[in-house]
Amino acid sequence: MRILGIETSCDETSCAIVENGRKILSNVVSSSLKLHAKTGGIIPEIAARQQIKYILPVIEKSLKDSNLYPPNIDAIAITIGPGLIGSLLVGVETAKTLAFVWQKPIIPVNHLIGHIYANWLITSNEQQLTTNKRLAVRSQQLEVVFPAIVLIVSGGHTDLLLMKNHNELKWLGGTLDDAAGELFDKVGRLLNLPYPGGPNIEKVSERGNNSHFTFPRPMISSFDFNFSFSGLKTAVLRQVKAIKELNDEIIADISASVQQAVIDVLVKKTLKAAEKYNVKSILLSGGVSANQKLRDKFQWSIVNNKLSIEFFAPAKNLCTDNAAMITSAAFFNYEPIPWQGITANPELYFD
Ligand code: KG4
Ligand code: ZN
């Protein structure tokens, strides 16, 4: 089955065609990130206007890249939320129009669940080599075995879920305030790093000392599966204010230390959930899962604690927003509804 999927929840306009939920036939992503870098954050109105500009060219290119025509497409997948309402509406209304004109079934997809399915996508050898060699090769060979613990770490969300099967998700906990990616973006701004903070903090951390500053690890030993990152942000703010002049060395040390604090909390709580629910797999997903130090710490901790759990993380180019993951989610949770019932829901969460 070939599904054409559309993702427009935030600042990426994307269209993908995926075969049987795993094989990417095309995945076109147009990002307005550079525009937002100028303002240090996303301005919803500008993001929505960019969606309108790029939606049709992106769909046209996706069909062209895959050498397919509408009669070769079996269904349409569309992100209905959560996200920015102006951006979501562009994709939702376009997808409904295509479903109506092409007479195809249409499947609504939760963006967060879409992120999880980046773990099912098979990428080309070339992508494997330029991303995370060992991990990517491993995840091509292994099938996810349920039950699994899922950690979603993105710009807007930090959630831990128990996945007993496709369509059987139980939310265990999430952030009480800032998401992990949001924290990185805010700290990036404090340190005058370009937007988005996450990848830039990872980059400068390479030359920093991760134990130079001792930042708090909020809720690391709490009995629940919730997170809180706003106290960590305040601790970094206080530290930055206490330093008269930020230089490259201090920026690198603060970045490495805050990155380590976030990683320690994410890994410890995820492993605690994995042990409690006796799972077979851990699935990492969302933009922050591109972070190599986070991936390495998961691998290392699983081996070090002698856990018989397989660790999965998406190919790095599929961690941030893209339509291929949305399309995969639609295949494995194939529940089309009449197009009249499809509406954008910016507040959509887990059922
Ligand atoms: O999943 P995503 O593309 O968008 C949302 O749905 O929110 O995630 C974007 C977030 C941003 O906060 C960005 O700073 C963070 O992911 N991010 C990273 C890295 N790459 C992206 N955080 C840490 N390390 C990275 N390499
Ligand atoms: Zn996302």
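Me: What makes strand 7 (residues 158-165) and strand 8 (residues 168-174) paired strands, and in which sense do they run?
Reply: Two strands count as paired if DSSP finds at least two bridges between them. Strand 7 and strand 8 are joined by six bridges, so they meet this criterion, and they run antiparallel. Within this pairing, Leu 160 has Gly 173 of strand 8 as its bridge partner. The model is a predicted one, in which local features need pLDDT of at least 70 and side-chain atom pairs count only at pLDDT 80 or more, while totals for chains, interfaces and linings use all residues. Residues are numbered from 1 along each chain as its sequence is written, chains are lettered from A and ligands numbered from 1 in the order written, and side-chain values use heavy atoms, without hydrogens and water.

Me: What lies between strand 7 and strand 8 in their hairpin?
Reply: Two residues separate the strands, and Asn 167 in the turn has a positive phi of about 70°.

Me: Which strands are the edges of the sheet, and what makes them so?
Reply: The open sheet has five strands in the order 8-7-6-9-10, with mixed pairing. Strand 8 and strand 10 (310-312) are its edges, as each pairs on one side only. From one strand to the next, the twist averages 20°. Further in, strand 6 (residues 148-153) pairs with strand 7 in the antiparallel sense over six bridges, and Val 153 stands opposite Thr 158 in strand 7. Helix 10 packs on this sheet, touching strand 6, strand 7, strand 8 and strand 9 (281-285). Its direction makes about 155° with that of strand 6.

Me: Why are helix 8 and helix 10 called roughly perpendicular?
Reply: Helix 8 (residues 197-205) and helix 10 (residues 248-276) pack at about 115°, with axes 8 Å apart. Angles of 65 to 115 degrees count as roughly perpendicular (under 35 is roughly parallel, over 145 roughly antiparallel, the rest oblique). The two helices are therefore roughly perpendicular. Ile 201, Glu 202, Val 204 and Ser 205 of helix 8 meet Ile 251, Ala 252, Ser 255, Ala 256 and Gln 259 of helix 10, contact meaning heavy atoms within 4.5 Å. These residues divide into five nonpolar, three polar and one charged.

Me: How do you know whether the radius of gyration agrees with that of a compact globule?
Reply: The rule for a globule is 2.2 Å times the number of residues to the power 0.38, the radius being taken over C-alpha atoms. For 351 residues a compact globule would have a value near 20 Å; the protein has 20 Å, so the two agree.

Note on methods. Axes are lines fitted to C-alpha atoms, for helices over the stretch in contact, and angles run from 0 to 180 degrees between N-to-C directions. Helices (H or I, at least four residues) and strands (E, at least two) are DSSP runs, numbered from the N terminus. Ala, Val, Leu, Ile, Met, Phe, Trp, Tyr, Cys and Pro count as nonpolar, Asp, Glu, Lys and Arg as charged, and the others, Gly among them, as polar.
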